[in-house]
Amino acid sequence: MAVEQFSSPLWVYDFGVIEKRILELRSFDVIRYAQKASPNINLLSKMGGLGLEVDAVSAGEIVRALRAGFSPSRIKYTADVFDKDALALVKEHSIPVNIGSPDMLWQLHEAGVKVPLTIRINPGFGHGHSQKVNTGGELSKHGVWHGELDALVKKAMQLGFSVDCLHMHIGSGSDFEHLSQVVSAMESMVPVACKSLKTISVGGGLPVSYKRGEQNNMDLEKYYNMWDSSRKRISNIVGHAVQLEVEPGRYLVAESCVLATEILAVKKMGNNLFYLVNAGFTDLVRPAFYGAYHHISIIPKKSKELGELVDVIVAGPLCESCDVFTQEEGGVVVSRKLPLAKVGDLLVIHDAGAYGSAMSSNYNSRLLAPEILWEKGEFTQIRKRQTFEHMLNNEVCNE
Ligand code: LLP
């Protein structure tokens, strides 16, 4: 077992799951992986090998994509701002840019950078699994306001840019109903003047089923067909064929990974039973941040049988009351029915591949856990456990 080999806490990925998800999206002309969901360069390089393109939202993500072997033309810098490093990398490698603020156009122009452009449109509405991941509407900082699109396209053309792609991403972990609203919004907003348009990017946001027995995975065929029909109408507007791009993060990786932890304490607080494990929100922040649900299971260490089901609150080791894996939006702590377990048993947190390891931190000076890949019957370490030396590396002590 991976935990015996690499100890815990530990992220364990199954690449077969990622491959399966990629296959399901093959009807789209381009699958652009939103690497923010899980940016390990080993995973990136494997996805690149399967023909995917990649999204980068920061200078660091550009560096990762290049290191993983993506040629610059298969990377797209998608953000609402440039910082110095990102602009320098875009310029050095001629990386296509997805503009999320009009200022980015002037900054590219001033820097003398001519790269193919995408414009991210804020269609005036958004949706996601939590208000914190809604990326559309007047309260969102993301994208170019739809009313300003025509003028920006014209300005970009005057400056000699080619606007190759229009993009909308309304939020993460959305649903069919809201994602389908994007289709008509996109169609109604395509500027006739956008003659250089080659691609429509439908963004990411595809949901996955976190709860066992719950079917919220989307009907992908229906989703694709809807976009495909729309693509034909958009082709008529601009007068030539356009291709369809999808930009998933969560959908490709969420179910590919578990966070394996060990129970360090089992204790009662009045009527409540707690399992305290050796991973906290420094590893998986989604429950504390969004009230996100993750399925949990127990692997007994010594006994062969699972104990009777009891109500348990699962929490981590951090010096923070919200370091609880069983909580709902708004920080409401809830219990979960789990087998009665003992100190030393393993507690596995499922579907942790998207925004799991990617959002880990060193808070409480906790070390980043290693990442292991399960592929072709073998475990390979794709990120080593951080060391205390590494954690302190950039700190300077005056003595
Ligand atoms: N494209 C853009 C422009 C995005 O901003 C995002 C996600 C994606 C694609 C990928 O979305 P996905 O397919 O993964 O839903 N940390 C949150 C999710 C934040 C998503 C940020 N942007 C969570 O743990 O649920």
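Strands β11 and β12 make a hairpin with two residues between them, and Gly270, which sits in the turn, has a positive phi of about 60 degrees. This is a predicted model, so everything here is read from computed coordinates. One place to look for the pairing is Lys267, which stands opposite Phe274 in β12.

Strand β14 (residues 309-315) runs parallel to β12, and four bridges join the two.

Now to the helices. In general, two packed helices are described by the angle between their axes and the distance between the axes. For α2 (residues 15-24) and α3 (residues 41-49), the axes come within 11 Å and cross at roughly 40 degrees. Angles under 35 degrees would count as roughly parallel, so α2 and α3 are oblique to each other. The crossing of α2 past α3 is right-handed. On the α2 side the contact involves Phe15, Ile18 and Ile22, which meet Leu43, Lys46 and Met47 of α3. Sorted by type, the residues of this contact come out as five nonpolar, one charged and no polar.

Side chains of opposite charge can pair when their charged atoms come close. Arg21 does this with Glu255, with 3.0 Å between the closest N and O atoms. The pair ties together distant parts of the chain: Arg21 belongs to helix α2, while Glu255 lies in the loop between α10 (250-253) and β11, 234 residues apart. Across the whole structure, the search turns up 16 salt bridges.

Two spots in the backbone are worth a glance. As a rule, most residues other than glycine have a negative phi, and most peptide bonds are trans. Between Ser8 and Pro9, however, the peptide bond is cis, with omega about 0 degrees. Pro9 is part of the loop between α1 (2-6) and β1 (10-14). The other spot is Ser94, which is not a glycine and yet has a positive phi of about 55 degrees. Ser94 sits in the loop that runs between α5 (84-93) and β5 (97-99).

Terms used:
Residues numbered from 1 in each chain as written. Predicted model: local features only at pLDDT ≥ 70, side-chain atom pairs only at ≥ 80, totals over all residues. Heavy atoms only, no water. Pairing = 2+ DSSP bridges. Axes fitted to C-alpha atoms, helices over the stretch in contact; angles between N-to-C directions. Parallel < 35°, antiparallel > 145°, perpendicular 65-115°, else oblique. Left-handed = near helix turned anticlockwise from the far one by under 90°. Contact = heavy atoms within 4.5 Å. Nonpolar A, V, L, I, M, F, W, Y, C, P; charged D, E, K, R; others polar. Salt bridge = Lys/Arg side-chain N within 4 Å of Asp/Glu carboxyl O.
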